[in-house]
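Start with the sequence and model below.

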Amino acid sequence: MKDIKFIALFTLVLATLPFLTNSGVVLNFVVMALYASLLAQSWNILGGYSGQFSFGNAVFFGTGAYVQVIAQMHFGLNAWDALFFALSLSAIVGVFIGSVSFRYGLKGSYFALVTLAMAEIFRILSLSVGFTGGGVGLMLPLNNTFLGMQFINKSGYLWLILALVCSTLLITTYIKHSKLGAYMQAVRDNEDAAKALGINPFNVKLFSISISSVVMGAGGAIYVQLFQYIDPGIAYGPQSSVEALVAAIVGGVGTLWGPIIGATALLLMSELTRNLFGQIPGINMVIYGLVLVLIVLFAPSGLSGLGLSVRALFSRSFSSSRSKLIEDSPTHGGKG
Amino acid sequence: MKASLLTSENILSLNSVSKSFAGLKAVSEVSIDVHKYSLTALIGPNGAGKTTLFALISGFLKPDTGRIVYNSNDITGLAPFVNAKEGLTRTFQIVQPFAGQTVLENVAIGAHLHYSNRSQALEYASHVIEKMGLHTYANKLSSDLTIAFRKRLELAKALATQPKLILLDEVLAGLNPREIQEMIPIVKNLVNEGVTVLMIEHVMQAVMNLADKVFVLDHGALIAEGTPSEVTQNELVIEAYLGKGAAERLNRKHLVTSQKEGT
C-alpha cells in the first residue's frame, strides 16, 4: 500500500500549503494545476486504464458545468447539492454515450470520433436552447459563503479541488489493485483474449466511462465555481478535451501519478511561455499540440517514464477492429 | 488412467454447423461429438476451417445454421464470455497475451473469473504458473517471453479460468522438438485433472501420442473421424494432405514420416 502512503503525503503537503505561504501566485498555480490534474485523471481512467481514447471529454465537462450553474440559478439549490446533480448528470451522459458506442462495438478511432461529435452536438444544442443562456452564457451570481462554494481566498478552492483530486487518486488506486482494474486493463490490452477469459468488455467499458465522466463533470462544476461563468464554447469546445488528453499523455498513460505530473508540467510551461509570446489567443493550444507531437515521438511513456507507450496503445486500440484473431490464416503453417 | 475417467457422455456436440464468409463456405455441415474427459484432436490442411470451427464453438463467431450443445445446454450464438463462465474457453493460435502486463498479472485475469478478491486471484494464478513451469518468469512482462513460454502463458491464462472444456489452437506450433517434448506431458496432464481437451494440431507426433479420437476437416467439411491410427490410414485424409492419388502412390509407413515434415 505504498500508493496510499504517497497519496496521504501528497494531500497533507498540499493541504498545509496555505498555512506556509500567502503568495497568491503560488496558491493560484497549485489550484490551477490541481484543476488540470482532475481533467487528466478523468481521461486517464477511460483512456489509460481501459484503452478507450476519448477526444470529447468536454461533453462531460460541459454537462457538469452547466448543471452546476443551472441547478443554483434556476432551481435555487446550494452549490453542494448542485454538485451532486452535476456529477449525476455527467454520469448519465457518460453511460448514454458509452452504451450507444460500445454496444455497437465502436473502438479506437471510431470511438474517438463519436466522442468528438457528441461534444460538438452538445455545444450546438447549448447554443440554441434557452436555459443555457445561448451564446451569451450563464453568469453564476457571487455568493461567498460555504454553501455557495465560492471562496474569497484561494485556499478554499485549493482544499476543495484537492479533495476531488485525492478522491480520484484513491479511485485510481482501487482500480489498480482490484478485479475491475484487472479487467479494464485486459480489455485495453487485448479485447478478444479478455472475452475468451470470461470478461464482458461492454460492462467493463461502461463502468470505466461512467467513472471517467463523473470525474470530468466534477472538473466542469469546479470550473464554474472558480470563474463564475460558462458559455457553450468553454463548456463543450475542444479546450478541456485536449487539456485532459495531452496532460495524461505527457505525464504517462495508465499510471497513478502521470496525470498530475503531466498537468503540472503543462501548466508550468504555458505560464513560462506566456511571457514569451504575450497574449496571442489560443497560443496554449498550439503549444499543447507541439508538446503532444514531441512526447509521442521522443517520450511515448510520458515524462514519468513509467506509462504505457502511447504509440503502442494507439496502434493497439486503433487496429483491433480487424478480426485477425478469429479467422484461419492460410499462410500460417504449423511451423509459424 | 485416462480410460477409467472416460465416459460415453458428451460434453460438446455439434449438429451440422455451417458458416460462410461472403460465399466461401468456411465450415460446412460439421457434426462432431466430444466425450467428457477425452482428448480429441482436430486436424486438417491449412485453410480447412479448423480455427473458424473453434471460433464458432467458443462464440467469437455465430454459425449460419446448426446447433452447438455444451454440457446439455444449447450454446449456439452465445458470447465467448458467457461460455467462459460456464467452463468453456479457448486459446489462440497466434498468442494473445496482455502485452503491458506481467506473466502473473496475465494469468490473474483468468483467475478473476472465480476469485473476485485480488490477492486470492494472484495466489491462484501463481499456483497455475508454477504448474506450467513459468514461475521463474512470473514478474516478467509477457512481451519479453520466448515463443515457447508465450504458448505456455496462453495455456496458463485459459487454465486459470478453471475450464471444463478447453479448446487449444495449435499450442505446439512454432516450438522446436525439445519444446514439443516438454509441452506434451503438460497437455496430457490436463485430462488427468478432469479437463476435456479439444485441440487443433499440425504436429502429428503429438496427435498420435495424445489423442483418443481425431476429426479431420478439409475445405470446411468433416472427411474422417476415428482413432489416430485409423485416420492416418484413411485414403481421403491422405489425399487431403498430399493431393489426389497420393494414397495409391505411397505406402503407409512412408506417409507418417512425410506428414511430420509437411506440417
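## Chain contact, core and packing

The contact between the chains takes 28 residues from chain A and 39 residues from chain B. On the chain B side, at least two residues each come from helix H2 (50–58), helix H3 (80–85), strand E7 (88–90), helix H4 (103–111) and helix H5 (118–131). H2(B) gives the most, with five residues. By class, this side of chain B has 18 polar, 16 nonpolar and five charged residues. The model is predicted.

The largest nonpolar core holds 179 residues. Those with the most contacts inside it are Leu38(A), Ile161(A), Ala247(A), Val107(B), Ala125(B) and Ala156(B). Helix H2 (residues 24–49) of chain A gives the most to this core, with 13 residues. Both domain 1 (2–298) and domain 2 (306–336) of chain A give residues to the core, so it lies between them.

**The two domains of chain A.** The centres of domain 1 and domain 2 of chain A, taken over C-alpha atoms, are separated by 31 Å. In their contact, 14 residues of domain 1 of chain A meet eleven residues of domain 2 of chain A. The domain 1 side has seven polar, four nonpolar and three charged residues.

**Leu38(A) and Thr168(A).** Beyond its neighbours within four places in sequence, Leu38(A) is in contact with Ile161(A), Leu164(A), Val165(A), Thr168(A), Val215(A), Ala218(A), Gly219(A) and Ile222(A). Thr168(A) lies in helix H6 (residues 154–176) of chain A. Is Thr168(A) buried or exposed? Thr168(A) has 26 C-beta neighbours inside 10 Å, so this residue counts as buried; the cut-off is 20 or more. Not counting residues up to four places away in sequence, Thr168(A) touches Leu38(A), Gln41(A) and Val215(A).

**An enclosed helix in chain B.** Nine of the nine residues of H4(B) are buried, so this helix is largely enclosed by the rest of the structure. Among them are Glu105(B), Asn106(B) and Val107(B). The buried residues of H4(B) pack against helix H7 (179–189) of chain A, and also against H5 and helix H6 (147–159) of chain B.

**A helix pair in chain A.** Two packed helices are described by the angle between their axes and the distance between the axes. The axes of helix H11 (residues 238–251) and helix H13 (residues 283–298) of chain A come within 10 Å and cross at roughly 35°. The crossing of H11(A) and H13(A) is left-handed. H11(A) brings Val242(A), Val246(A), Ile249(A) and Val250(A) to meet Met285(A), Tyr288(A), Val291(A), Leu292(A) and Ile295(A) of H13(A). This contact has nine nonpolar, no polar and no charged residues.

**A buried loop residue.** Val171(B) is found in the loop between strand E8 (165–169) and helix H7 (177–192) of chain B. Val171(B) is buried, with 28 other C-beta atoms within 10 Å. Not counting residues up to four places away in sequence, Val171(B) touches Thr91(B), Lys151(B), Glu154(B), Leu155(B), Met183(B) and Val187(B).

The table sets out sequence and spatial separations for two residue pairs.

| Pair | Apart in sequence | C-alpha to C-alpha |
|---|---|---|
| Thr168(A) and Ser155(A) | 13 residues | 20 Å |
| Val171(B) and Val95(B) | 76 residues | 8.9 Å |

Conventions
Residues numbered from 1 in each chain as written. Chains lettered and ligands numbered in written order. Predicted model: local features only at pLDDT ≥ 70, side-chain atom pairs only at ≥ 80, totals over all residues. Contact = placed C-beta atoms within 7 Å. Helix = DSSP H or I, 4+ residues; strand = E, 2+ residues; numbered from the N terminus. Nonpolar A, V, L, I, M, F, W, Y, C, P; charged D, E, K, R; others polar. Core = buried A, V, L, I, M, F, W, Y, C linked by C-beta atoms within 7 Å. Buried ≥ 20, exposed ≤ 12 C-beta atoms within 10 Å, placed from the backbone. Domains from an automatic or database assignment. Axes fitted to C-alpha atoms, helices over the stretch in contact; angles between N-to-C directions. Left-handed = near helix turned anticlockwise from the far one by under 90°.
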